Amino acid sequence: MISYEKSVSDLIRTRRSWRSYREEPVGRDDKDKIRAFIAGMEKPPFGSQVRFVLADAAQSFGRVRGTYGVITGASCFLVGMLKPSHKGFEDYGYLFEAAVLHITSLGLGTCWMGGTFNRTFFAETAKPWDGEIIPSISPVGMIAEKRDIVDSLFVVVAGSRTRKPWTSLFFKDAFDNRLDEHSAGPFALPLEMVRLAPSASNRQPWRIVMNDKGFHFYVTRTFGYRAMFGDVDLQRVDMGIAMFHFERTALELGLNGSWGMQDPAISPLPSSTEYVVSWIL
């Protein structure tokens, strides 16, 4: 069962991407809590086969092997494995973010990594089953008092502290009608938590259309981005993160709804935009 002792919206606001860690290991108690959490997670919305391991880093401190010099000081990593399926990447993003927020609740640092790590290197530690791939990893550790130069550069280049405005992301009935926070009613907070979600290269590919049936999630593709990562579709993973933020915030507020496929057949769609899933009221 996925649950937190703290408000999920508070955890979403607290979480940051950290690449610099103090040179001290994660305590055994925290490791046990993480392993218990990932072992007890419920099935994701589409029922895909997703597994996680908390693996020790190849070297305890300094620049960590397998991360191309991006991560320093982390003593362990969350490694996710997926057997690809129709909605597997969405399910993967949903569960990986659930684990990341649990780790955040323990006061530890994390960083979604989908491109800047050596998959072959981490496969030797995580040992994927036949047919599984590793879409992402995250360091887990004690946050450094100050970001190092590489970490600071990533923050600036990715613009990871900025988010698109509501008017670019959320719509009413069609894509030519912008949705404001007042019109979203009690779902304004779940939508805001989607807006604050992390995404690969901070592309923020989610678009949501509200109508009287519910909230319809779309992905707006970045041209050429899909081909950069081989078998891994990171923008579909991003959609899973958005789904988790929306669902858990809505449930925490006592709002009704459930996931389903209910394409509203909106036409025309913006360029490079595809329907993904609906939160049905």
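What is the handedness of the crossing of H2 and H3? The crossing of these two helices is right-handed, where right-handed means that the near helix is turned clockwise from the far one by less than a right angle, and left-handed that it is turned anticlockwise. The model is a predicted one, in which local features need pLDDT of at least 70 and side-chain atom pairs count only at pLDDT 80 or more, while totals for chains, interfaces and linings use all residues. Residues are numbered from 1 along each chain as its sequence is written, and side-chain values use heavy atoms, with hydrogens and water left out.

Three strands form an open sheet in the order S1-S2-S3, with antiparallel pairing; strands are DSSP runs of E with at least two residues, helices are runs of H or I with at least four, and both are numbered from the N terminus. Pairing requires at least two DSSP bridges between two strands. Strands S1 (50–56) and S3 (137–140) are the edge strands, each pairing on one side only. From one strand to the next, the twist averages 20 degrees.

Strand S2 (residues 76–82) is joined to S3 by four bridges, and S1 is joined to S2 by seven. Some of the facing residues can be named. Phenylalanine 52 stands opposite glycine 80 in S2, valine 79 stands opposite isoleucine 137 in S3, and cysteine 76 has valine 140 of S3 as its bridge partner.

Helix H4 (residues 119–126) lies across S1, S2 and S3, running at about 95 degrees to S2. Angles run from 0 to 180 degrees between N-to-C directions, and axes are lines fitted to C-alpha atoms, for helices over the stretch in contact. Contact means heavy atoms within 4.5 Å. Helix H2 (residues 28–40) holds lysine 31, a residue that is buried, with a relative accessible area of 16%. Leaving aside neighbours within four places in sequence, lysine 31 is in contact with Val26, Leu54, Asp56 and Cys76.

H2 also packs against helix H3 (residues 88–105), at an angle of about 155 degrees and with the axes 10 Å apart. Lys33, Ile34, Phe37 and Ile38 of H2 make the contact with Ala98, Ala99, His102 and Ile103 of H3. These residues divide into six nonpolar, one polar and one charged, counting Ala, Val, Leu, Ile, Met, Phe, Trp, Tyr, Cys and Pro as nonpolar, Asp, Glu, Lys and Arg as charged, and the others, Gly among them, as polar.

Another helix pair is formed by H8 (residues 188–195) and H9 (residues 234–252), which pack at about 155 degrees with their axes 8 Å apart. H8 and H9 are therefore roughly antiparallel, and H8 passes H9 in a right-handed crossing. Here Leu189, Pro190, Leu191, Met193 and Val194 in H8 meet Ala242, His245, Phe246, Thr249 and Ala250 in H9. The residues of this contact comprise eight nonpolar, two polar and no charged.

Methods. Buried means under 20% relative accessible area, exposed over 50%, partly exposed in between (1.4 Å probe, protein chains only). Angles under 35 degrees count as roughly parallel, over 145 as roughly antiparallel, 65 to 115 as roughly perpendicular and the rest as oblique.
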